[in-house]
Every structure is written in structure tokens, then in C-alpha cells.
Amino acid sequence: MKRLLTALVAAAALGISGCGGGGTNITPPPPSGNFGLASLNGTYAFTTSGEVCAGCTFAATPMARVGSFIADGMGHITGGIEDVNTGGAPSSPSSITGGSYTVNADGRGTLTLTFQNGNSINFGIVLTSTADGLMIDETRTGTQASTGSGNFILQQSTPFVLSELTGNYVFDFAGFDGAQPNPNPESFIGDFTADGTAGTIPAGLFDDNDGGQLINGGMNPGTISQDPSQPAAFTNFGRGTATVAGQNFVFYIVNSGRIRFLSTNNGMLSGDAVLQSTPPAGFIGDFAFLVGGSDSNSNGLTRVGRFTASGNTLGKMLVDVNDAANEVQLNNLSNGTISSYDSNTGRGQLSFQDSTGQVYTFVFYLSSPNSGVIQDVSPSNTAGFARVVADGSILGQSGSPFTSSNISGSYALNWSGIVTSNGNQDEEDLVSQVTATNLSLSGTSDIFQFTTTNLTPQFDIGTNGQISFNGGDGTGDDGKRVSMTVNLSNTSPINMVVYIVSPQLAFFQSANNNVPRIVAGILKGQR
Amino acid sequence: MKALIRSKAAIVALVIALALCISTNAQQATQPVAQQLRSYDISRESFLVGTVLKFDSASSTPPIGAHLILQTSVGQVDVHLGNGKVLKASHFELNPGDSVRIVGEPLTLGDTTYFAARIVQKGTQAVSVRNTRGFLTTPASLMTPAEKEALRGVR
């Protein structure tokens, strides 16, 4: 509560950098809902990806976290463990010995994890249910600041058993490679077979986009096992080590259906592997997708869009691109083709082209008939190289028509990306809880911009906004492009283009803003 | 200056200037422009020599990042220098009137053509702002091995 009051004063006094100033003062609404301390109760696996400024001798360094914490349902963190990879330098796992958390009625709250040496890290959280939530890193100490976006998921009841990791898993690991001194962005997706009983990964298939260079095929056999140096960490937190396609990882089991990975050599890759159900016989249906990454223009590229897959062809394609703050709506897409799809592996490749003849190509792996991972492999003018490095999620659209009746209720919102402000270009992470009523949004946000000179997050910012079914095609209610404006207190409106996946989930990215901003995120219903 | 860059005439002038002032090779001459400008390729690199007219460490002009307007012998060129923090961390200052040499290649972004720098050199100091595949250098990549090693344990 003290933080809330302090932040209210601060939020009233300060606009958000990089939002153009102006705007109106927005008082955060009183938290309402059914969440409370008891909503966070159990062992949760968490992951974030962002940046850290340690000592701040240099500008920020990429950082990925993965770990597990135990919440007691009464505001206390009673244990846990965390692995960190900072700029390609993995750290030994560190035990979480304590901490605390808060959860307001609206699901917003704070999370502090304290390590054995007394140091703590801090997060802003929004619960989307008692089993999961979104989070941003809000750590700011005298010597360190870190930000990043991620989430946490309730893990199964302990003890963990390796043999439950059996079956085919679809994975998406993103980050950068181990090239020195200038690493390349890397996207590594595919599927592998896990034999937890034997502790092996006997086979797998991968697509690697490493600095644009495309390599795909079968992977060498690997391993998945307990960490001999941390046996208790496996039993209590599902933590182990794996070798996937020759690269070393630490992993945390959420349950037999999901494993969270962080690389421990050759750069910094992180992401989840999801148990694959039997792939569908054909790639059919309405899909929305969101990818993020880099290209030669800058370290910021996002694409969000949708299409209808009908066996060998794609139709009703719409895509929005934010490339280095250059924002483009692609409407007249043609030649939509599913050039390959293997119902044995769930792997496929699709492509389409814009009105200038530019071809967009993606590889995907389905983990179920309506979900999967997707990697941008759009061809460049150099054979074997893609012109971008980007990946993300592909999800089947359902529940349309989308109207003010079903796009309604309480949502968690998170975005992450790059913003330019204060003469700097750096990361921005935001987490919010908003209530949608007649497509008007009202809620509260935390934001951490690494462009500020003092690297300080801002808490409890009054937030409102509007969702409008007024996309370029005018038919947003059937799952096509819609728009969303987010107003943070005392700042200029921030505009987003949105593709609704279902009444409970939407993908969005920044669009049509005066301030250079390359962010993308999700709007997820609270249960 | 921003208006100059964004105006259509300036874009045409920029393209012409790029075509004239950069060193070219036979491979470039045979490639269609649209094909040539799609993505970074070190085999197409050329260089610019000129005088800094304006430097902006975090420009609002896409592509996001540091830009400078370079006066060359045949016109002005918008040069993208990547992440301005790389220059700052390298203690590399750019001011109007500075003479610089830039290695890179022209790229397009939407309707804009710009010169994507990989290496910027002033006097005897040179800074790499892109790697050989065209991806931007990050400030973290400037750290020494010892400084990187010190990151282990940072939580």
C-alpha cells in the first residue's frame, strides 16, 4: 500500500517518457475483482526476458531469467530457485530463500524474491487466474536495474518425476547466438522427442534462423536429466539440465505439458517447449500470429496478422509490420500458399507476397490443431539467408464475431519492446490490468523504460483507452484488424493495432504513433 | 533537416547521391535496385566520405536509432548509425563539421532510402555499429571478456 501511495504521487507528477507528453491526469480506479493473497498459492515457474544494467558502467545488457518460487497464499515467498543468463554469461543457480508478494482485488500486485545473500529482485505482476499471470521485472537497487517481460505458471504438485517428460514437444527458443564480440539475433524452433525414463532426446527437427542464416533438419540426439549438482532442485522445483541440438540448457518443468528452457552456453536463448498433441491431418482454419525480432534496419521488428488456411492455400491475409518504427499495413496480399505441411511432425511452411512483390515466408510447428510456434524466414537477396530474424506464436481464431458484448470484462495487458525518448533508444516493458466496458478500457499500469536517466520503474499509473472496430478493412469484428488506444496518465495516447484471437486473448503491436516505439504484446482475459 | 529527408525530392536526390558518391563494384551494377536494397550484404559494401551536418543520437526518423546527415561531394546522405549508446560507450562523438568515413551500404525502409553504416571512422578512431551480417552492435558487445565475466552472478 505504501508503494501504491508513493507511486500515485509520482504518477501524478510525472509523465511517461517517450509518450510525447501531454495527455490528461488519470486516477487509477479502485481495484475490484475477486483476487487476493490466497490467489497466489503454490509453486510457480517464471520466466522473463529483458535487460539489466549492473553497475551501469555500460548500457544495458540482455538478461533472461527462469526459475521457480513458492507462494504461501498469505503474502510470503517461502522458497525457490533461479537461473540467469546475462549477455551470454549464465550464472550458477541461486536459491530463493524468502520474499513477499501482494495481490490486489484486480489481480495486480508485487512480487519480491530474496536470495541467500540478501539481495532481492522485484516484479510487477497481474494474475490472469490463480494458475498463471503476467509479470515485468522492476528491479531497481543501488547498484542494479533490470527490466523484462514474462509470465509465471503454477507448477504441478511435487515431487517431479523425469519419466513424465515423454512425448513430442514443440519449442521456440529466442535470443542471440554466441558470436563474439557482436552476437547475432537467433530464433531456434522445432520439435523433439523426449524420453524422460531414459533421460534422452533421441530425435528432433529444427529450424534455426541465426543472424539470418537458415539451417534446418534433424537434430543430433540429446539429453534431458536431473542436474547432478542440484538433485533437490529437480525434486522440489522441476529443475534439470538438457542438451538440445548440441546446445546446453537448464529447464524447469511446469507439468508434463510444458517445460521452460534457458541456454547455458553459446549465447542466450530462452523459451518454452509444449507437449504436442497429434498434429492435424491438414493445416486448416483461421489463425492469428505475432512475431518479434530484428533485421538490418534496427534491433526492432514486429509483425502481427491473420490468415485463413485452407489446405494448400491462404486467404484473407492481413499483416501489420513495425520495422524500426516504420509502420506499414499490408492489405493487398496475394499468392498465399502453404508450400509444405507434414502431418507427422506438424511442421509446415507458408508464404504470401505484398503488392510490391516482396515475399513473406514463415516456418511453423503446430503443437495442436490450433496453436504453434512460427518463425520468419522471409527470403533476402542472399541465398540461404532470411532478411529478418523473428519468431513468435500462431493461434487459431475462435469466438467471432467479436463485439462489445464478448470483448468485455477484466484483462491483463503486457507489452515489451523499444522506445526512443530522452535522447536514448532502449527497452520498455508495461504490465496492466484493465476492465473493458463497451470497448472502453479503464485500469492501472506499471511501466519500466530503460531510456530514463535514473532507470526507475513507474508504478500504479492510471490507464484508460478504447478498442475500435475500425481497422483498415472495416470488418474487425470477424477477427481482422482492429485498433486500440492506450492512455497512460499525463501522456499522449499510444496507438496499437490489434488482432483478436478469441474474446479472451488478443495480439497487438504499436502503430501510428508520433513517438518511435516498437512494442508488441498481449491482452489476456482474467479468470 | 527532417523535412528535407522526408521530402520526395530529397529522397530522389538521396538516391542519386548514393548512386554517385559511393564506390561501386561490378556486382552492384548488375543488380536491380529493388533487389539490391532488401537486406544487408557485406559483399555490396561501399564507403562514404563527407562532413557531418547534423547528428542525432536517437532520431525520430525511421529506422529508429542514431542518424547523421552527411554532406558528401555529390549531396547529402542520411546515414543510420544504429544504437546511439554504442557510440556513447565508445566515447565516439560526432559534431557538425567533423570529417568522417563510413563503411556500409544503402538500404530501404518503406519509402525511405538511407545508408546503413557498419563502421564509422573519425580520424584514427573507428567504431563498428553493425556486425558483418548487418545486425546492430549492442552496447553489451563492447564489454571486455573480464567485464562480461563479471556479469556472472548478477541477478
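The legends below describe close-up views of a predicted model.

Residues are numbered from 1 along each chain as its sequence is written, with chains lettered from A and ligands numbered from 1 in the order in which they are written.

**View 1. Chain B and the confidence of its prediction.**
Over residues 1-37 of chain B, pLDDT stays under 50. For that stretch the model has 59 contacts (heavy atoms within 4.5 Å) beyond four places in sequence. For the complex, the predictor gives an ipTM of 0.87 and a pTM of 0.91.

**View 2. The elements of chain B.**
Chain B holds 6 helices and 6 strands; these are DSSP runs numbered from the N terminus, helices being H or I with at least four residues and strands E with at least two. From the N terminus on, the order is α-α-α-α-β-β-β-α-β-β-β-α. Of the 155 residues in chain B, 52% are buried, where buried means under 20% relative accessible area, exposed over 50% and partly exposed in between (1.4 Å probe, protein chains only). Among contacts in chain B between residues at least 6 apart in sequence, 53% join residues at least 24 apart.

**View 3. The interface of chain B and chain A.**
In this view, 45 residues of chain B are in contact with 58 residues of chain A. The buried area, which is the accessible area (1.4 Å probe) that two parts lose on being put together, summed over both, is about 4000 Å² between the two chains. Carbon and sulfur atoms give 51% of this area. I64(B), F135(B) and R155(B) supply 24% of the area that chain B buries against chain A, more than any other three residues. Between the chains, 18 residue pairs are in polar contact (both at pLDDT 80 or more). A polar contact is a pair of N or O atoms within 3.5 Å; within protein, one must be able to donate a hydrogen and the other to accept it, and residues adjacent in sequence count only if both atoms are side-chain atoms. On the side of chain B that touches chain A, two or more residues each come from helix 4 (33-36), strand 1 (46-59), strand 4 (99-109) and helix 6 (145-149) of chain B.

Side chains of opposite charge can pair when their charged atoms come close. The interface of chain B and chain A has 2 salt bridges, each a side-chain nitrogen of Lys or Arg within 4 Å of a carboxyl oxygen of Asp or Glu. R155(B) and E82(A) form a salt bridge through their side chains, at 2.8 Å from N to O. A network of salt bridges links R65(A), E82(A), D137(A) and R155(B).

**View 4. Salt bridges within chain B.**
E45(B) and R118(B) meet in a salt bridge of 2.4 Å, N to O. E45(B) lies in the loop between helix 4 and strand 1 and R118(B) in strand 5 (residues 112-122) of chain B, so the pair ties together parts 73 residues apart in sequence. Both E45(B) and R118(B) are buried. Another salt bridge, of 2.7 Å from N to O, joins R152(B) and E149(B). R152(B) is partly exposed at 38% relative accessibility, and E149(B) is partly exposed at 44%.

The closest N and O atoms of the salt bridge between R108(A) and D446(A) are 2.7 Å apart. This pair links distant parts of the chain, with R108(A) in strand 6 (residues 108-115) and D446(A) in strand 31 (residues 440-449) of chain A, 338 residues apart. R108(A) is buried at a relative accessible area of 5%, as is D446(A) at 1%. Q433(A), in strand 30 (residues 424-437) of chain A, is buried at 4% relative accessibility. The side chains of Q433(A) and Q526(A) are joined by a polar contact of 3.1 Å. Leaving aside neighbours within four places in sequence, the contacts of Q433(A) include R108(A), D106(A) and S442(A).

Note on methods. This is a predicted model: local features need pLDDT of at least 70, side-chain atom pairs count only at pLDDT 80 or more; totals for chains, interfaces and linings use all residues. Side-chain values use heavy atoms; hydrogens and water are left out. pLDDT is the predictor's confidence in each residue, from 0 to 100.
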